[in-house]
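Trainee: I would like to learn how to read side-chain features in a model. Please take the general idea first and then the case at hand.

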Amino acid sequence: MNDIDAWVWWLVGAAALGIPLVVTAMPEFGMLAVGAVAAAVFAGLGFGVVAQVLAFVVVSVALIAVVRPIALRHSRQRPQLATGVDALKGKQAVVLERVDGSGGRIKLAGEIWSARALDTERAYEVGQEVDVVEIEGATAIVI
């Protein structure tokens with residue numbers, strides 16, 4: 001066991017840290033694994049145990065302190081590309097049947113939708129263009 005170099009042990013540690021990364025999907029384990037690889041490089045270059053441990057700690061902490069907040073910020077952002085009913089909000093539609101506060105029909109994105117006016121006092125006549133502000137179930141709310 002004494003025949004194995006320190007850099008090999010650091011690589012074994014990096015691989016061991018990679019296993020929980022895959023199983024739990026916690027990116028912190030990956031950052032610790034990168035720190036272990038950095039320590040393996042230091043060991044391969046002939047640095048002592050103190051320098052190796054210091055390299056592991058510095059790289060791991062730096063990655064966790066810098067990369068983790070960036071990753072969290074990106075994971076909380078909404079997707080740039082709207083899909084489904086979210087993609088229909090803000091689109092224009094053409095009134096097919098009179099639309100008022102109680103209902104009507106519009107042609108939206110090539111499909112016929114039930115619709116009602118956001119302002120219950122307002123009515124939109126056939127052929128008029130309206131803007132979709134919300135989708136509630138299968139009904140488009142228009143102005």
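Mentor: The classes are buried (under 20% relative accessible area), exposed (over 50%) and partly exposed in between, with a 1.4 Å probe and protein chains only. This is a predicted model, in which local features need pLDDT of at least 70 and side-chain atom pairs count only at pLDDT 80 or more, while totals for chains, interfaces and linings use all residues. Residues are numbered from 1 along each chain as its sequence is written, and side-chain values use heavy atoms, with hydrogens and water left out.

Trainee: Which residue forms a salt bridge with Asp86?

Mentor: A salt bridge is a side-chain nitrogen of Lys or Arg within 4 Å of a carboxyl oxygen of Asp or Glu. Here Asp86 meets Lys89, with 3.4 Å from N to O. Lys89 is partly exposed too, at 35%. Both belong to a salt-bridge network that also takes in Glu134.

Trainee: How many salt bridges does the structure hold?

Mentor: There are 6. One of them pairs Asp100 with Arg98, their closest N and O atoms being 3.1 Å apart. Asp100 is buried at 19%, whereas Arg98 is partly exposed at 43%. Another joins Arg68 to Glu28 at 2.4 Å between the closest N and O atoms. That pair connects distant parts of the chain, with Arg68 in helix 3 and Glu28 in helix 2, 40 residues apart. Helices (H or I, at least four residues) and strands (E, at least two) are DSSP runs, numbered from the N terminus. Arg68 is partly exposed, at 35%.

Trainee: How many aromatic pairs are there?

Mentor: A pair of aromatic rings is described by the distance of the centres and the angle of the planes. Rings of Phe, Tyr and Trp (its six-membered ring) pair if their centres lie within 6.5 Å; planes under 30 degrees apart count as stacked, over 60 as edge-to-face and the rest as tilted. The count is 2. Trp10 and Phe56 have ring centres 5.5 Å apart and planes at 35°, so this pair is tilted. Because Trp10 lies in helix 1 (residues 6-24) and Phe56 in helix 3 (residues 49-76), the pair ties together parts 46 residues apart in sequence. Trp10 is buried, at 19%. Phe42 and Phe47 also form a tilted pair, with centres 4.9 Å apart and planes at 35°. Phe42 is partly exposed at 30%, and Phe47 is partly exposed at 41%.

Trainee: Which residues make the nonpolar surface patch?

Mentor: Patches take residues with over 30% relative accessible area and no salt bridge, joining like charges within 9 Å and nonpolar side chains (Val, Leu, Ile, Met, Phe, Trp, Tyr) within 5 Å. Areas come from the Shrake-Rupley method with a 1.4 Å probe, and for residues only the protein chains shown count as cover. Trp7, Leu11, Val37, Val41, Phe42, Leu45 and Phe47 make a nonpolar patch of about 620 Å². Helix 1 and helix 2 (27-44) are the elements giving two or more residues, and helix 2 has the largest share, 3 residues. Leu11 sits in helix 1 and is partly exposed at 37%.

Trainee: Which residues does UniProt list for "transmembrane region"?

Mentor: UniProt positions are in the numbering used here, feature names are shortened, and annotations may be inferred rather than shown by experiment. The unreviewed entry lists 6-23 and 53-71. In the model, residues 6-23 are 100% helix and 0% strand, with end C-alpha atoms 27 Å apart. Residues 53-71 are likewise 100% helix and 0% strand, with their ends 26 Å apart by C-alpha atoms. UniProt also lists residues 85-142 as "domain: NfeD-like C-terminal", again in an unreviewed entry. That span is 0% helix and 59% strand, and its end C-alpha atoms lie 14 Å apart.
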